Amino acid sequence: MREHTEHTDRPGSGADGRHLVAVLALPGFPPFELGIPSRVFGSAVGEDGEALYEVVVCTADGAPVLSDSGFTLQPAAGPEALAAADTVIVPPTHAMPELALGGPLPPDVAAAIAAIRPGTRLVSICTGSYVLAAAGLLDDRPATTHWNLAQEFRRAYPRVRIDEDVLFVDDGDVLTSAGVSAGVDLCLHMIRSDHGVAVTNRAARMCVVPPWRDGGQAQFIDRPVPEPSVASTTATRAWALERLAEPVTLAELAAHARMSLRTFTRRFRDEVGMTPVQWLTAQRLELARHLLESSDLPVDLVAHRAGFGSANSLRQHMRSTLGVSPIAYRRTFQRASA
């Protein structure tokens, strides 16, 4: 079992000291998931436009691998990239059915993973979790995978504390995501943990994706898409974002959308996946985090501008959601930017 350690900042192993991300391409990889890390981390730049990450796609033996779409990938590196990386990401594979039964990894894959340095951040996207589990790296740890395979995963790897109701799980030095787009959410989450809100927002804009979806958010199983003719809550959400400092009520949101409370609440959940109150709290917390990272405003003023009313209210929300106080959160990002 891998010893649980917190990921710590250190000089990157890539070119010019950049954080080196190695993406392990396995036989039968789906192209979309394999491309997520390169696209998202490649969009993370500093204020002067400097790249913050170097992303290298590698294979376990350095040889080309066949995707599940019928084309062959020529990797940029072999297993040496895994041994040198600061972060290793394992996308899914559709060519290792033995893993679904708890079977062993192919010898070359097992050897490549065993050579990863202690303290390296390990990440899986979707069913890449099977690879980490087969290597024993998820034993006795919380993790997630695609919701449709959760029961199969439990049978194959009973020691893993699997949770199929979340988008991703951050367990310090080992992180796992649910299917497809949740891999984008997890990569943005890591950028945010490494560099803060401003860098993450720039990367998200470049990728044209939302900058933040909470990892505890549901995987939206069987969530219907509203009919095109049905009124949307999009305009009301934009209106609310301009008024986060104000005590916006559910009745005011429904009135702005010109819907009854019941209709508005139902439609909001259909479109966003959470209640209006949960969404408002999440947006206010997002604003508070940005202010704590990017300004020297006192905590009580941050709380007021973010709509929490008092420093104590902000403190309670941050402790329950993030496990840290506003002061500790600010101190963490001040150290990171020093």
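This is a predicted model: local features need pLDDT of at least 70, side-chain atom pairs count only at pLDDT 80 or more; totals for chains, interfaces and linings use all residues.
**The whole chain**

Begin with the entire protein displayed as a cartoon. The protein contains 14 helices and 10 strands. Of its 338 residues, 49% count as buried. Among contacts between residues at least 6 apart in sequence, 65% join residues at least 24 apart.

Select residues 197-207, which form helix H7. The buried residues in H7 are Val197, Val199, Thr200, Asn201, Ala203, Ala204 and Cys207. In general, an α-helix has 3.6 residues a turn, so residues three or four places apart point the same way. Just after H7, Val208 adopts a positive phi of about 55°.

Within H7, now show the side chain of Thr200. Is Thr200 buried or exposed? Its relative accessibility is 2%, so Thr200 counts as buried. The side chain of Thr200 reaches the backbone oxygen of Gly196 at 2.7 Å. A polar atom of the Thr200 side chain also lies 3.2 Å from the backbone nitrogen of Arg192.

**Salt bridges**

Next, colour the charged side chains. Side chains of opposite charge can pair when their charged atoms come close. How many salt bridges does the model hold? The count comes to nine.

Select Arg141 and Asp173, whose closest N and O atoms are 2.7 Å apart in a salt bridge. Arg141 is in the loop between helix H4 (128-134) and strand E7 (142-143), and Asp173 is in the loop between strand E9 (168-170) and strand E10 (174-177), so this pair ties together parts 32 residues apart in sequence. Arg141 is buried, with a relative accessible area of 2%. Asp173 also counts as buried, at 0% relative accessibility.

Move to Arg154 and Glu164, which form a salt bridge with closest N and O atoms 2.7 Å apart. This pair links distant parts of the chain: Arg154 belongs to helix H5 (residues 150-156), while Glu164 sits in the loop between strand E8 (161-162) and E9, 10 residues apart. Arg154 is partly exposed, with a relative accessible area of 28%, whereas Glu164 is buried, at 17%. Leaving aside neighbours within four places in sequence, Arg154 is in contact with Ile162 and Glu164. For a further reference point, select Ala100: its C-alpha atom is separated by 9.8 Å from that of Arg154, although the two residues are 54 apart along the chain.

Then select Arg237 and Glu271, whose side chains meet in a salt bridge at 3.0 Å, N to O. Arg237 lies in helix H8 (residues 234-241) and Glu271 in helix H10 (residues 261-272), so that the pair links parts of the chain 34 residues apart. Both residues are buried.

**Helix H8 against helix H10**

Two packed helices are described by the angle between their axes and the distance between the axes. H8 and H10 pack at an angle of about 90°, with axes 11 Å apart. That angle makes H8 roughly perpendicular to H10.

**Helix H9 against helix H10**

The axes of H9 and H10 come within 9 Å and cross at roughly 85°. H9 and H10 are therefore roughly perpendicular to each other. Select Leu250, Ala251, Leu253, Ala254 and Ala257 of H9, together with Leu261, Phe264 and Thr265 of H10, to display the contact. The contact of H9 with H10 has seven nonpolar residues, one polar residue and no charged residues.

Note on methods. Residues are numbered from 1 along each chain as its sequence is written. Side-chain values use heavy atoms; hydrogens and water are left out. Helices (H or I, at least four residues) and strands (E, at least two) are DSSP runs, numbered from the N terminus. Buried means under 20% relative accessible area, exposed over 50%, partly exposed in between (1.4 Å probe, protein chains only). A polar contact is a pair of N or O atoms within 3.5 Å; within protein, one must be able to donate a hydrogen and the other to accept it, and residues adjacent in sequence count only if both atoms are side-chain atoms. A salt bridge is a side-chain nitrogen of Lys or Arg within 4 Å of a carboxyl oxygen of Asp or Glu. Axes are lines fitted to C-alpha atoms, for helices over the stretch in contact, and angles run from 0 to 180 degrees between N-to-C directions. Angles under 35 degrees count as roughly parallel, over 145 as roughly antiparallel, 65 to 115 as roughly perpendicular and the rest as oblique. Contact means heavy atoms within 4.5 Å. Ala, Val, Leu, Ile, Met, Phe, Trp, Tyr, Cys and Pro count as nonpolar, Asp, Glu, Lys and Arg as charged, and the others, Gly among them, as polar.
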